[in-house]
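Reader: I'd like to go through this model with you and ask where each label comes from. Could you show it first?

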Amino acid sequence: MQISGTTKLIGILGHPVSHTLSPRMQNAAFQSMGLDICYVPLDVSPEALKDAIDGIKAMGFIGANVTIPHKVDAANMMDRLERIAAITGAVNTIVNESGSLVGHNTDGIGFIRALEEVVDVDFQTARPLIIGAGGAARSIAVALAEKSIERLTVINRDRQRSSDLKVMLNASFPDLPVEISTFEEDMEGPILASNIVINATSIGLEGSLKMPPVPVDRLTKDHVVCDIVYKQSQETPFLAAAGGEGATTLGGLGMLLHQGAAAIRLWTGVEAPIGVMRGAVESKRTDKSADS
Ligand code: NDP
């Protein structure tokens, strides 16, 4: 990559950002597209977030990605929020439109595109079960609701958080039936009633949490099981067990790629080279999780 006086910048704002795979993935895309753009990691503490976001304007960045822990705070610092970001209350992509910062959220659509790569989904009859109610779960829930799914179940440790998710969803999708539950309640019923099961927690990642988030013996070949954690092997303990029950499985790499590709489209107006991005990430697999 040649950095020159005409090179334009895009940053990823997070804390920490040393683990992120996005610079590798996005720079490979820009190079392959022949664009004079450099994508840089920016470790920004929560206290410095406002200054950093003002800096996007001051330094004429094309835009930025936003990752943990800034997605919600950044949403409150935008000049304008695109509809999905406004519903979700979180931003993962900022576009600098001539000095006006517009916040977008491409996480949910990234998940949908990854899902569509592995299965032919009839969303109108889909009955997803999301495990988790954090930022990623909220983005996925909104993207699924946008697809007019039949109903949604959310299982989360903290019931208040899943209740907040339900309120957020029903404010924009009042006709969508949303059930909420915790790990202490019946798990078998929600699993049997669902056809897509999505782990959007960090359970199954490492240490004592390296276990499936729900009992897997009720999963069947009719389930699509997704774990959005991105790991070296793509085969989390949950996916391995679900695959053993005959379920179709999907790891977190596809979501990572497609949320990044959607961001590139927003910044450049051009389709991103998914194959190049996939190659860049796969050639630098680490055993750490990545969310963007
Ligand atoms: P948040 O911190 O917003 O949410 C974390 C979620 O995990 C909450 O639902 C939380 O439950 C749950 N959780 C954490 N620890 C436990 C535990 N010990 N037992 C039960 N539940 C637990 O994080 P995000 O939503 O941003 O990210 C979640 C995961 O998704 C991460 O692993 C992240 O790397 C991955 N991700 C992947 C992406 C991709 O592109 N592939 C994109 C974004 C995220 P509670 O509310 O009860 O605390």
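This is a predicted model: local features need pLDDT of at least 70, side-chain atom pairs count only at pLDDT 80 or more; totals for chains, interfaces and linings use all residues.

Reader: What makes S4 and S6 partners?

Author: Two strands pair if DSSP finds at least two bridges between them. S4 and S6 (residues 100-104) have two bridges, in the parallel sense, so they meet that rule. Arg 80 stands opposite Val 102 in S6. Strands themselves are DSSP runs of E with at least two residues, and helices are runs of H or I with at least four, numbered from the N terminus.

Reader: What is the order of the strands in that open sheet, and why are S2 and S4 said to stand at the edges?

Author: The order is S2-S1-S3-S5-S6-S4, with mixed pairing. S2 (37-43) and S4 (80-81) each have a single partner strand, so one side of each is left without a neighbour in the sheet.

Reader: And which strands make up the open sheet with parallel pairing?

Author: Six strands, in the order S9-S8-S7-S10-S11-S12. Here S9 (178-181) and S12 (248-250) stand at the edges, because each has a single partner strand. Neighbouring strands are turned by 15° against each other on average, direction ignored. Inside it, S7 (residues 128-131) and S10 (residues 196-199) pair in the parallel sense over four bridges, and Leu 129 stands opposite Val 197 in S10.

Reader: How do you know that H9 packs on the sheet, and at what angle to S11?

Author: Contact means heavy atoms within 4.5 Å, and H9 (residues 237-244) touches S7, S10, S11 (224-227) and S12. Its direction makes about 170° with that of S11. Axes are lines fitted to C-alpha atoms, for helices over the stretch in contact, and angles run from 0 to 180 degrees between N-to-C directions. H7 (residues 159-172) lies across S8 (152-155) and S9, at about 170° to S9.

Reader: How is the chain divided into domains?

Author: Into domain 1 (8-105 + 257-286) and domain 2 (108-251); the bounds come from an automatic or database domain assignment. Their C-alpha centres lie 25 Å apart, and 14 residues of domain 1 are in contact with 17 residues of domain 2.

Reader: What makes something a pocket here?

Author: On a 1 Å grid over the protein atoms alone, a pocket is an open set of points where a 1.4 Å probe fits, with protein on both sides within 12 Å along at least five of seven lines; lining residues have an atom within 4 Å of a point. The second largest pocket holds about 260 Å³ of space. Of its 16 lining residues, those closest to the centre are Glu 82, Ile 84, Asn 105, Thr 106 and Ile 109. H5 gives the largest share of the lining, four residues. Domain 1 and domain 2 each supply at least three.

Reader: Which peptide bonds are cis?

Author: One joins His 15 and Pro 16, with omega about 5°; Pro 16 is in the loop between S1 and H1. Another runs from Ile 68 to Pro 69, with omega near 5°.

Definitions and conventions:
Residues are numbered from 1 along each chain as its sequence is written. Side-chain values use heavy atoms; hydrogens and water are left out. Grid points are joined across faces, edges and corners, and a volume is the space filled by probe spheres set on the points.
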